[in-house]
Amino acid sequence: RRVRGAAPLGAHGVDTMETRLLTRTRRLCREREQGFLIRELPRVTELLATLEEKALSFEGDDPTDAESEGLLAVDFVAALCNVLSTLEKPLVRERANEELLPEGRDAMETIVRRLTDLLTYPVEAVSDAALKTLYAIARPKPRPTGDMDPAKAMDLRPAPKAYAQGVLLRAGAVEATVVQFRRLVFASELRSNAA
C-alpha cells in the first residue's frame, strides 16, 4: 500500500536512485510551474544532462529486467520533456536585472547550449520540446508599458527580445538550429524521394 506523498517504488518495491530522481524532478516541475528561478538554471542544466544520460542508458532495456527496477527510457524521456516544458515559461527573477549580471548571463547561455545539444536527441519528443523551449526563449513577451509613471517607465535594460537574441547568438544556438533544420529538411527530402 502506498502512503500519500511517498515516492513511487520500482517494480520490485525498491526505492532506487532513479526513482528518487524521477520523483524529485516531478516535484520540482510542479513547484516551479510558473517558471524556474534564474539562479536555479545551472542546476537545471545538470538535471537535463542527468536525465538525458539516464534515458539513453535505459534505452533498449528489457522491462522485466531486475536491474532496471521497472523503469524504462520512457520514464526519463517524460521527465526530460516535463523539465523542458517548464523551461518554456518565463524565468523568474529574484532581484532586478538579475539576468544581466554575469552569473545570470552565464546561466542563460549554458542552458541555451544544453537545449541546442538536445535538438539532436534521438527521441523526437525531446528534440521537439527543446526546439519549443528555444523558440520561447527567442520570442519573449515584451515588458508591459501600460499606465506607468514616466519616471518608472524609463527602463534602461535591453528589450527582452534583444536580450534573448543576444544570448542565443553568444551561445551558438542560431547556428545549431540552422544545422538541425537543414538535417530535418534533408531527411524529409530523402523520405519523399524514396517513396
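Q: How many residues does the largest nonpolar core have?
A: In this predicted model, the largest nonpolar core includes Leu-48, Leu-51, Val-83, Leu-84, Leu-87, Val-112 and Val-126, which are the residues with the most contacts inside it.

Q: Which residues of helix 1 are buried?
A: Helix 1 has 15 residues, and from its first C-alpha to its last it reaches 21 Å, close to the 21 Å expected at 1.5 Å a residue. A residue counts as buried when its relative accessible area is under 20%, and Cys-29, at 5% relative accessibility, therefore counts as buried. The buried residues in this helix are Glu-18, Thr-19, Leu-21, Leu-22, Thr-23, Thr-25 and Cys-29.

Q: Is Cys-81 buried or exposed?
A: Buried means under 20% relative accessible area, whereas exposed means over 50%. Because its relative accessibility is 19%, Cys-81 counts as buried.

Q: How many disulfides does the count come to?
A: A disulfide is a covalent bond between the sulfur atoms of two cysteines. To be counted as such a pair, the two sulfur atoms must lie within 2.5 Å. By this rule, the number of disulfides comes to zero.

Q: Which residues of helix 5 are buried?
A: Helix 5 covers residues 124–138, and its reach of 21 Å from first C-alpha to last is close to the 21 Å expected at 1.5 Å a residue. An α-helix has 3.6 residues a turn, so residues three or four places apart point the same way. The buried residues of helix 5 are Val-126, Ser-127, Ala-129, Ala-130, Thr-133, Leu-134, Ile-137 and Ala-138.

Q: What percentage of the residues of the protein chain count as buried?
A: The secondary structure of the protein chain comes to eight helices and zero strands, and its accessible surface comes to about 12,300 Å², with 55% belonging to carbon and sulfur atoms. Of the 195 residues of the protein chain, the share that count as buried is 35%.

Definitions and conventions: Residues numbered from 1 in each chain as written. Predicted model: local features only at pLDDT ≥ 70, side-chain atom pairs only at ≥ 80, totals over all residues. Heavy atoms only, no water. Buried < 20%, exposed > 50% of the residue type's maximum accessible area, 1.4 Å probe, protein only. Helix = DSSP H or I, 4+ residues; strand = E, 2+ residues; numbered from the N terminus. Areas by Shrake-Rupley, 256 points an atom, 1.4 Å probe, with all protein chains shown as cover. Expected span 1.5 Å × (residues − 1). Core = buried A, V, L, I, M, F, W, Y, C linked by side-chain atoms within 4.5 Å.
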